[in-house]
Amino acid sequence: MARYLLKRLLLFVPTLFVVSLVAFFLSRSAPGDPVLQYLTNDPFGTLSSPADLYNAERVCRQTASLLGRDKPLFYFGLRPKSYPDTLYKVTIGFRRKALEQLIEQYGNWPLIQEYYDKVRAMDLALLSLPDSLSAAAASIKPTLRELYTITTEPAVKSRLDKLEGELAARPSLQARLSEDFQSLRNAHARMQAEADHDARWVPAFHWHGLDNQYHHWLSGFLSGDFGISLYERMPVARKVLPALRWTLVLNILALALAFGLSIPIGVLSATRKGKAFDRASSLVLFMLYSLPAFWVGTLLLVFFATPTYGMKLFAGPGLGAVQTGAGFWEQLGVALPHLILPVLCIAYPALAFISRQVRGSMVEALKQDFVRTARAKGLPERTVVWRHAFRNALFPIITMFASVFPASIAGSVAIEFIFNIPGMGWLTLQAILQQDWPVVFVVLMLGAVLTVIGILVADLLYALADPRVKLGKGL
Amino acid sequence: MTKAPNSIQDSRQGWFARMKRRRTARWSLRVLYVLVFLAVFGDFIANDKPIWCKVEGQHYFPVLKQYSVDLGLSGWDARFLQTDWKEQPYEAVLFPPVPYTASGLDLRNSNFRSPFGKQRVSSWRWRHWLGTDRLGRDVLAGLIAGTRVALLVGLIAMGVAVLIGILMGALAGYFGDDKVRIRRGQALALVPGLVLAGFYAFMAPPAGWGIGLRLLVFLAVLFLFFSFGKMIPGKWATQPVRLPLDMLVMRTIEVFNSIPTLLLLLAVVAVLESSSIFYVMLVIGLVRWTGIARFLRAELMKVKKLNYIEAARAMGFSEGRILFKHALPNALGPVIITTAFGIAGAILLESVLSFLGIGVGGDSVTWGSMLSAARQAPSAWWLALFPGLAIFITVTIFNLLGEALSESV
């Protein structure tokens, strides 16, 4: 038994590894710059002195390090030779993006770096102008700032020409900035003239070692440190764990209800195969199976949980109000009336599915020879059905847990959304709306882990129920 | 899945004819035909432009003309741009049965007009038979437009899923773990081959390259390395090794099955920067192929042991020919059944996604997005009832068809 379990567990390791890769790389391709999102107000918004610029850059660096974004992505990297292997050290999102676009165009990294440094040098020179010139400087500042993000050749050229014109029109600025501007122009011209268009075709392999984003993300995940939410700046774990608790409460209640009801229904319709009860329950169950749960949820909410139609039989959406600081059980007590409808909505598709399966496997079991033997022995029908047939019909029902559990977790996303239950599905939707990607991908990972645990539990139950799967002495 | 036919005549009929002998299947097909009709000719059934009209002695066919305008082949007459379609000085006019479009706003009937309540319309001809939503959009027109989206989702998502599923299922089921043998040198060359093929197809080329060209480069580089691997001399390198295709495919399926589909879809669709219903369809197809692949694999494992495959091999047919011309056609039964259920699942998934407001542009009207409006306005029962009913009916007929197929294929 222990060996069997160990083997199953080991098989899940590569699966979860691939899942983690999928989740990680999806999370890194999400739109938006996490650093700026975390900072909420743009540190580059109002700059009035060189110290401000240094400060903004430092804040970005520190935030990136806090969010684990100042490291290479993975253990190794394969990129065209034109890309430097240290591009990840540029922690300011818009600068990195612009540099990447420049590399795509010109492919000559040292010259690109030089040009970009000159843009920054010119910016610094502008910022260090005395106050008497600041009014004149304000007119060319926006044009210069655009050079940080604009990379296409004609656009950059037009900005440079515009800067030149404006400087020529203002002799006082011209005197102080012409040197910086000339070197910026020269750097741009050199970058253009000495572009290397072939470097992109040469692959370059870089080994980054263990100090990379993926390694930190995964080891953090495994030790329960899920990273930091970009919204409200709190640890993801503090958002996800309470949500996980509600999702589990919902699904465990729903599955208990579904299994508890579907076994008697399935067994009864199997023993009365073809009779009225069987035909009626089959029809009803098929209808239930096809009824979209999120529609039924909406209908129940609209008609029976709001006072609009005078039929407010159930508590409304949400979990009800409790004082802050109330314990989980107290919260659960208040929330229970609010959970009735959501639990029903998660339970009934599972109920329909499980009942049909139970009926099917019971019909098969009742056809077996040992059932006829048991009846011939004169055993009461109850004993025949429950002790002999049902025990043998149990195995497929147990393995079904593996497919029902993930389905109900997924199904609860829409139900949580409809009934405003702050579970994992609700949290995911909120996080997607807020572009809070760390939360989204932690939930995706946790969903996968839960699914795998569901499959494992089914395996374990199967091994426990079927004596043919050899049991060790320990269990 | 392959049940013994009841009679000789039975086995001669195709699966479609056998399926149609069931009453539920016949009814499902009839409903499906209606839905297909609505999807194809929706523009002629619900539209705020007339199908035909006569203005100042000239005949126009505005609904038809819209197609050519959309394609950029022609433009509207100035008169139609200046005045609303409802207020043209028609001499004669034929409006569609539902004289509204799904996204057209009827400002005089905004703020949830009930189907039975008072509506500010000039005659019954302009009535909103199924009510309106907050912006005054006609619910019936929305349902008709939603039909097209739903059926397209089923078609495209399952089209993608069937293509991938058949490829993967055939590789795993027919070739298994030990049928494909390559030289050790080739297996070795595959590793750098895959890496460099990925590099030259997806990293190195400029952004302008199309996906077709990239795939071509990928295959070409891979083939190059594969051929090089064949040339590596020496006893060690020329020894054959098995390519465990079945294992690889089954592992991939396991990975897909251990990620909750809806969560994966939510994450992927949210990450895509451009939201379009076609991306949603594509992504649904990319995550839903596993069922088809699993059933086809199981069926092919049975089929490949049959005598006629042995006979085909004895005749010296190539493996590819045996697979595609002999084994695969005989193993497609489970694929057809899974596809029917899969279409139901895909339509349901898309409607959940648009219900949650993920992945559909603000403009497009789908059954799911209409249903989600009901949450904000509990008093508008028609918004909760009708779109849900449409989803229910569509999903049910595909489930019924799947059910009927599984007993007749």
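A residue counts as buried under 20% relative accessible area, exposed over 50% and partly exposed in between (1.4 Å probe, protein chains only). The model is predicted, so local features need pLDDT of at least 70 and side-chain atom pairs pLDDT 80 or more, while totals for chains, interfaces and linings use all residues. Residues are numbered from 1 along each chain as its sequence is written, and side-chain values use heavy atoms, without hydrogens and water.

Gln435(A) is partly exposed, at 32% relative accessible area. Its place is the loop between α16 (424-433) and α17 (437-465) of chain A. Gln435(A) is not a glycine, yet its phi is positive, about 55°. Asn111(B) is likewise not a glycine and has a positive phi of about 65°. Asn111(B) sits in the loop between β3 (90-94) and α6 (139-175) of chain B. Its relative accessibility is 54%, so Asn111(B) counts as exposed. Helices (H or I, at least four residues) and strands (E, at least two) are DSSP runs.

Two helices of chain A were also examined. The axes of α5 (residues 109-127) and α6 (residues 134-146) of chain A come within 11 Å and cross at roughly 160°. Therefore α5(A) is roughly antiparallel to α6(A) (the angle for this is over 145 degrees). Contact means heavy atoms within 4.5 Å. On α5(A), Val119(A), Met122(A), Asp123(A), Leu126(A) and Leu127(A) make the contact. On α6(A), the residues are Ala137(A), Ile140(A), Lys141(A), Leu144(A) and Arg145(A). By class, this contact has seven nonpolar, no polar and three charged residues. Ala, Val, Leu, Ile, Met, Phe, Trp, Tyr, Cys and Pro count as nonpolar, Asp, Glu, Lys and Arg as charged, and the others, Gly among them, as polar.

Methods:
Chains are lettered from A and ligands numbered from 1 in the order in which they are written. Axes are lines fitted to C-alpha atoms, for helices over the stretch in contact, and angles run from 0 to 180 degrees between N-to-C directions. Angles under 35 degrees count as roughly parallel, over 145 as roughly antiparallel, 65 to 115 as roughly perpendicular and the rest as oblique.
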